[in-house]
Amino acid sequence: MLKIENLKAVVDGVEILKGINLSVNSGEVHAIMGPNGSGKSTLSSVIAGDETYEVSSGSILFDDDDLLDLDPDQRAHKGVFLSFQYPVEIPGISVSNFIKAAITEKRKVLGLDPMPAKDLLWKMREKMDLLNMKPGYLSRNMNEGFSGGEKKRNEIFQMAMLEPKLAILDETDSGLDIDALKVVANGVNKLKNSNNATIVITHYQRLLDYIVPDYVHVLHNGRIIKSGGKELAHQLEEKGYDWITKLADEKWGS
Amino acid sequence: MKKEELSEDELLEKVTSTEYKYGFTTNIDSDTIPKGLSEDVVRIISKKKEEPNWMLEYRLKAYRTWLEMKEPDWANVNYPKPNYQDIIYYSAPKQKKKLDSLDDLDPELKKTFDKLGISLNEQKRLSGVAVDIVMDSVSVATSFKSKLADLGIIFCSISEAIKEHPELVQKYLGTVVPARDNFFSALNAAVFSDGSFCYIPKGSRCPMELSTYFRINEAGTGQFERTLLIADEGSYVSYLEGCTAPQRDENQLHAAVVELIAMDNAEIKYSTVQTWYPGNKDGVGGVFNFVTKRGICHKKAKISWTQVETGSAVTWKYPSCILKGDHSIGEFFSVAVTNNLQQADTGTKMIHLGKNSKSTIIAKGICAGKSNGSYRGLVQISKGAKNSRNFSQCDSLLMGDSCGSHTFPYIEVKNSSSQVEHEATTSKIGEDQIFYCNQRGIGTEEAIALIVNGYCKDVLNQLPMEFAVEAQKLLEISLEGSVG
Ligand SMILES: Nc1ncnc2c1ncn2[C@@H]1O[C@H](COP(=O)(O)OP(=O)(O)O)[C@@H](O)[C@H]1O
Ligand SMILES: [Mg+2]
């Protein structure tokens, strides 16, 4: 589904991604771990099409498309979803109106009329239940005055509504208490099927107890320096990152 | 205290005159009238409109006042001062150039009509294409009028009111905006062509929104429009001015006057969507819009001004409330959009005279292109206006780096029991907000529209439902292409 090859990205003349290779197939869950500043958010932003980052080389294939040829909204229409590490506020726009706009735009591209209001409302109700959202949530303004945890849940709610093929969850666990974490993880697990895939970005093992990855990758200094199965996450939890980052630094320089 | 009462009296003084009683001295052929302004021209206008003598005198006095006034230059706008002797002050009621078919219509305008979803017949009507079929709005207007008449509500053109209801017009005209109030109000009083008149009798609630739309077939929107709206004790009316379709007019200078009178316990909601032609991208053409709008609130009365402004090359406009009665309420909700080379200097004045009077100001400016938007607000709380309150919020949203916004709040509080709160913010549409929307599949144009709508929500919510929807579309159109 997703095939990233030798991806390099630059911001303000500084190379942040230094040659990423990553393949994700349908039905898989990949975890990307790594210390702060290693480039995890940059990688997700580049996949989503944030123009702050200049792609200096490499390719990102998504099914049959080269994502790098598409605008961010087109990528979204193809089924790429990013749960932002820091979701922004959009004052004055209610959650329901925002989601309605997003769904309407996607359907427009597919040549479909807007979803009937009733169906849309039913779907929102269903997903609200799935994620234990409080009543009144739909009429709150997008992320305005939301707590950290509420923002993250709002991201997952949108994911549930938009049903992407590829969901990238960038530190969705930070800001969530353990109960909220379980709810969110449960929601993500329920949305999983054999046609979609999830990339979970985190630097804690905690989330991976609930969303169990098929593969774990360690990102450091703009490179994936180690990949493995879910046991790799446990090793990192026990030993920290130093034992692998040191090896990598010897090889690539720090 | 004494001093203020004086100025209040001054403000409310009726500006009528019986001093000058000249007969008509000039006879000029009916449909041609020379360029420029003189006493004779004022007389001709009045005569053509078959006005009673008191009206002529009113106009003449205004004209003489105007002669002694200077065009204001304190607003934060730049424009070539019109040559007042180069304007034709009377033109036959149909001012718009007749087009033979919609194919003759400016393609830009046609495109906008289509985007607004305006029906072909409406398009023809709005752009002055001759239509022979009876249009819906005309028949609606007729049945609508008889319904209003049953309730004792008068809604007609001001010319008609001068003839049919002289006692009301004479009693109230110029009481809220005296001719000498400012340069443009004096000019308007001298030469106004037409406008709306509305009277709501005691205790009635006008059952529908009154709209100039329903009488546009009687008189096209004029260059010097005059509106007088009286809500008698305990009555309610919601009035919609303008039309969400863009109006193109050959008249460059527009100087309208609107007077609202809310008697004890009455409520007036006055909503405007203004879309005069703003000129092209280089600032050529476009309407100069200098408007004086003011309402007076008697005891426990309430006036709300809501406006969405996207048009005009130059706008100069401050809908105001004189809160004369105790417990009276004034509100001002405004969205002013400027794009390309547009300039707007708008705001409001809330003059608190009555005790426990309250006012709220929510002003939202949106600047794009190389435009310039200013908010100018005056909150004046007199000594006698004990326990009065004002809350003002003035926000500006900038799109791009070459536009500018300015806020000039003037606050005068003359007693210690009153409270004034002022908040102001300036923000930009963030790249991160747009990217966030993009990531959800919402394209950049739609994203901007969405963000702008959210920003304007508090104001749009004040508009009657249908008007609000159209105003939203209008905002989108006027900001199209403004962020790369
Ligand atoms: N917009 C930006 N401008 C400049 N530097 C940036 C920008 N975004 C990220 N960086 C830098 O790139 C590196 C990786 O950041 P990031 O991708 O946010 O890491 P992570 O998500 O793994 O914590 C950091 O050194 C950060 O300072
Ligand atoms: Mg990050």
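Buried here means under 20% relative accessible area, exposed over 50%, and partly exposed in between, with a 1.4 Å probe and protein chains only. The model is predicted, with local features needing pLDDT of at least 70, side-chain atom pairs counting only at pLDDT 80 or more, and totals for chains, interfaces and linings using all residues. Residues are numbered from 1 along each chain as its sequence is written, chains are lettered from A and ligands numbered from 1 in the order written, and side-chain values use heavy atoms, leaving out hydrogens and water.

The magnesium ion (ligand 2) has Ser41(A) (OG) and Gln85(A) (OE1) as its protein donors, 2.1 Å away; donors are N, O and S atoms within 2.8 Å of the metal (3.2 Å for Na, K and Ca), and sites may look incomplete because water is not among the atoms. Ser41(A) belongs to helix α1 (residues 40–48), Gln85(A) to the loop between β6 (80–83) and α3 (95–109), 44 residues apart in chain A. Helices (H or I, at least four residues) and strands (E, at least two) are DSSP runs, numbered from the N terminus. Ser41(A) is partly exposed at 23% relative accessibility, whereas Gln85(A) is buried at 16%.

Chain A also holds an open, mixed sheet of 6 strands, ordered β6-β7-β8-β3-β9-β10; strands pair if DSSP finds at least two bridges between them. β6(A) and β10(A) (223–228) stand at the edges with a single partner strand each, so one side of each lacks a neighbour in the sheet. Strands β3(A) (residues 29–33) and β8(A) (residues 197–201) run parallel, joined by 4 bridges, and Val29(A) stands opposite Thr198(A).
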